[in-house]
Amino acid sequence: MKLAAVVVFYKPDKDNINNINSYIDSVDKLYVVDNSEDDIEYIKDTSKIKYIKLHDNKGIAYALNVGAKEAIKDKYKWLLTLDQDSKMNSNIINKMKYYLLNNNTKYIGLICPYQDIDSKEDVKNGDVEDMIEVMTSGNIINLDAYKKIGGFKDWLFIDCVDTDYCMNLHKHGYKVLRLNNIVMKHKLGNLVVHKLFGKEYPCYNHNPIRRYYIVRNNNYIHDMYYDLYPEYCDHLLRIQRGQVKRIIAFEDNKINKLKMMYKGYKDYKKGVKGRIDKNE
């Protein structure tokens, strides 16, 4: 089975660039889409790697669409989506390819490994679960399904891009399958777990700009998919309200984060979309 991959760069460091070595031998083509505003060319084209410099931060969704369209143009049917900090060994990718080769893929929108983020969630070894949403990194997406649902929504820019894509697949009759017997390590940014009165409180320590997008875009997700997943969409908003308490209790830069969260909500009410500085 032929497999392309796309990785999105934003001012990558040496480790980010070296991560390519963990999966390059397991894919037929790699599209590196670089959102960095600078003029630095971080890598060179090879017979297997196509480097696409955007010279502006157009967001994760736009960059993924660039890679997907290149793969479609080059006649690929399946695309592995990766973050710049993703590491994937050949064993993980080959197992995922084996699953696709040995199952009916007509209604599979994407498959992904179980992403181990050091949570306490139990993994049901051997099970294949149809998930409401999964993180983008490490997915193999069906490019026929991608075309039918209209790809990733550029205007989300960052945050909820993966949530929207998965829910949109379901809306169009596709499955989002997590293969629980294939485990991929994944580090979630600046995750810190605080303990208070015997309870644990995970804090992601997102910067104020990320907080803006998280609030704004989760409200858009709620509007777009409430009919399909009412309880889950309400759950997403409850999480955001809970984050306010954790920011106040545990995180630095509280005032700016809370201000940007409020701005995210106000901009949602106004119908503002896209990159924040493009709308100011």
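Analyst: A crossing is left-handed if the near helix is turned anticlockwise from the far one by less than a right angle, and right-handed if clockwise. In this predicted model, H6 passes H8 in a right-handed crossing.

User: At what angle do helix H6 and helix H8 pack, and how far apart are their axes?

Analyst: Helix H6, residues 208-225, packs on helix H8, residues 254-270, at about 30°, and the axes lie 7 Å apart. Angles under 35 degrees count as roughly parallel, so H6 is roughly parallel to H8.

User: Which residues of H6 and H8 meet?

Analyst: From H6 they include Pro208, Ile209, Tyr212, Val215 and Tyr220, and from H8 they include Met260, Met261, Gly264, Tyr265 and Tyr268. By class, the contact of H6 with H8 has nine nonpolar, three polar and six charged residues.

User: How do the axes of H7 and H8 cross?

Analyst: Helix H7 spans residues 230-250, and its axis comes within 9 Å of that of H8, crossing at roughly 165°. Angles over 145 degrees count as roughly antiparallel, which means that H7 is roughly antiparallel to H8. The crossing of H7 and H8 is left-handed.

User: What makes the contact between H7 and H8?

Analyst: H7 contributes Gln240, Val244, Ile247, Ile248, Ala249 and Phe250, while H8 contributes Lys254, Lys257, Leu258 and Met261. Seven residues of this contact of H7 with H8 are nonpolar, one is polar and two are charged.

Terms used. Residues are numbered from 1 along each chain as its sequence is written. This is a predicted model: local features need pLDDT of at least 70, side-chain atom pairs count only at pLDDT 80 or more; totals for chains, interfaces and linings use all residues. Side-chain values use heavy atoms; hydrogens and water are left out. Axes are lines fitted to C-alpha atoms, for helices over the stretch in contact, and angles run from 0 to 180 degrees between N-to-C directions. Helices (H or I, at least four residues) and strands (E, at least two) are DSSP runs, numbered from the N terminus. Angles under 35 degrees count as roughly parallel, over 145 as roughly antiparallel, 65 to 115 as roughly perpendicular and the rest as oblique. Contact means heavy atoms within 4.5 Å. Ala, Val, Leu, Ile, Met, Phe, Trp, Tyr, Cys and Pro count as nonpolar, Asp, Glu, Lys and Arg as charged, and the others, Gly among them, as polar.
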